[in-house]
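Subject: Structure handover

Hello,

Here is the structure you asked about. Please open it beside this email and follow along.

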Amino acid sequence: MSSHGTPIPMTAHRAGPLTGTAEVPGDKSISHRALILGALAVGETTVTGLLEGQDVLDTAKAMQAFGAEIETRGDTWHIHGVGVGGFAEPETVIDCGNSGTGVRLIMGAMATTPIIATFTGDASLNRRPMARVTDPLALFGARAVGRSGGRLPMTIVGASEPVPVRYATPVPSAQVKSAVLLAGLGAPGETVVIEREATRDHSERMLAGFGAQVVTEDTREGRVITLTGQPELRPQSIAVPRDPSSAAFPVCAALIVEGSDVLVPNIGLNPTRAGLFTTLREMGADLTYENEREEGGEPVADLRARFSPDLRGIEVPPERAASMIDEYPVLSAVAACADGRTLMTGVKELRVKESDRIDAMAQGLRAAGVEVQEGEDWWAVTGRGQGGVPGGVTVESRLDHRIAMSFLVLGMAAQRGMSVDDGGPIATSFPIFEPLMAALGAQIQRNEG
Ligand SMILES: O=C(O)C1=C[C@@H](OP(=O)(O)O)[C@@H](O)[C@H](O)C1
Ligand SMILES: C=C(OP(=O)(O)O)C(=O)O
């Protein structure tokens, strides 16, 4: 089932070369944060390039429920923030749909204000673990009551006298880090988050942009981030860069579809996000960075991906996992078309995303004729070489946009194409995926009725 309606079965067939320019939408992580920090600032924040995918739209609706006024004029989003500590108590349940980032960051943002809010989501989100966020929020003085196993629906009672927190994250998660930092905004004094492995740092960068005092130090313990609480956040004008996690799909498709040459302009290459591109280049991908520059304090380049007939399997180092965590599904589609084995280790987190992504990809790849081995925190794909994946099957997308898109990309190179039972979830992060890929020359269709 799609998150908000009837399933949309989709098929991608093997087709001629993919060529042209792929203008992918705005970054999902940055879009959520722009809305939440805009809601916590005093005055009007404007945002251009916001990803208008369902996950982000659900966060916008949630911010309205907490009292922010949000309107769109043309392509610009205007957010009238209520200030740190100014959130109102929502009158209804907050539905975050399919979005782990949305629900976890918003729980953090409200946890140090004395209000009560109840959160829910779709069947996928309601299976995902929330204790990783509610455990540190309890240290601030917030309380959480949810379903067994720390699942949604869940009610958070915000702390009435919050205290600052020092917290070492037990899992590599930018969502956990960000929830703690956002909660720290409402607590007096210094809140400290320590992460052993650096995860995406958009919250730290954006908090600093809004005028909060945030200091990051790399130490022997790991990355130590110190935030000074109760700032007055100054409204900003934010231009959201394009999403490298969405760019991954046209890039990977171009590498495996014969004769392709695709330009994906203006992609953020923040090192905490760019692990996939490094990995693809190590596999022998013809992937170049053109027009490298800095925009809004972030490294940016145009990516040019060309058909790469000599891709080889590699071992992806576990320390790279955080910088490409959402890209393993599509990497496995490329690995299936490479020569040799691609081994991915240190990736336990993949099991608690919108689906168990190791299981979802392993089952679908095996059905498509590709050998996959797996353990709790690793998996390995034995490539069948260029043009060697039989395909020709329908696989489950499991309410997971990245699973759906990864199998459709594989279908573009597989001998007999690939189908997914439901492409509906794609709209959570990449609502223009179908027309964008079709404009490049992909054969992608909905199987109505
Ligand atoms: O903070 C974020 O914006 C995100 C963090 C990652 O999740 P985890 O924090 O669970 O690793 C990532 O998978 C997700 O798509 C977006
Ligand atoms: C894991 C993802 O998102 P979230 O955790 O926000 O649902 C993703 O977009 O791949």
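How many nonpolar, polar and charged residues does the shell around ligand 2 divide into? There are no nonpolar residues, four polar and four charged.

Some ground rules. This is a predicted model, where local features need pLDDT of at least 70 and side-chain atom pairs count only at pLDDT 80 or more, while totals for chains, interfaces and linings use all residues. Residues are numbered from 1 along each chain as its sequence is written, and chains are lettered from A and ligands numbered from 1 in the order in which they are written.

Domains

The protein is divided into domain 1 (10-26 + 241-446) and domain 2 (28-226). These bounds come from an automatic or database domain assignment. The contact between them takes 22 residues from domain 1 and 25 residues from domain 2. Here, two residues are in contact if their C-beta atoms, placed from the backbone, lie within 7 Å. On the domain 1 side, nine of the touching residues are nonpolar, seven polar and six charged. The domain centres, taken over C-alpha atoms, are 29 Å apart.

Ligands

Ligand 2 has Ser 99, Gly 100, Thr 101, Asp 326, Lys 353, Glu 354, Arg 402 and Ser 429 around it. A residue is near a molecule if its C-beta atom, placed from the backbone, lies within 6 Å of it.

Now ligand 1. Its surroundings include Ser 29, Gly 100, Thr 101, Arg 200, Asp 326 and Glu 349. Its shell divides into two nonpolar, six polar and three charged residues. Helix 5 (174-185) gives the most, with three. Helix 3 supplies at least two.

Helix 2

Helices (H or I, at least four residues) and strands (E, at least two) are DSSP runs, numbered from the N terminus. Helix 2 covers residues 54-65, twelve in number. From first C-alpha to last, helix 2 reaches 16 Å, close to the 16 Å expected at 1.5 Å a residue. That expected span is 1.5 Å times one less than the number of residues.

Is helix 2 mostly covered or uncovered? It is mostly covered, with nine of its twelve residues buried. Buried means that 20 or more other C-beta atoms lie within 10 Å of the residue's own; exposed means 12 or fewer, and partly exposed lies in between, with C-beta atoms placed from the backbone. Among the buried residues are Val 56, Leu 57, Ala 60 and Met 63. The buried residues pack against helix 1 (28-40), strand 4 (69-73), strand 6 (94-95) and helix 3 (100-110). After helix 2 comes Gly 67, with a positive phi near 110°.

Strands

Two strands pair if DSSP finds at least two bridges between them. Strand 6 and strand 7 run parallel, joined by two bridges. Asp 95 stands opposite Thr 120 in strand 7. Strand 7 (residues 116-120) has Ala 117 and Phe 119 on its covered face. Ile 116, Thr 118 and Thr 120 form the uncovered one.

There is also an open sheet of four strands, in the order 22-23-1-24, with mixed pairing. Strand 22 (394-395) and strand 24 (443-446) are its edges, each pairing on one side only. Strand 1 (residues 10-13) runs antiparallel to strand 24, with four bridges joining them. One partner pair is Ala 12 and Ile 444.

Best wishes

Technical notes: Ala, Val, Leu, Ile, Met, Phe, Trp, Tyr, Cys and Pro count as nonpolar, Asp, Glu, Lys and Arg as charged, and the others, Gly among them, as polar.
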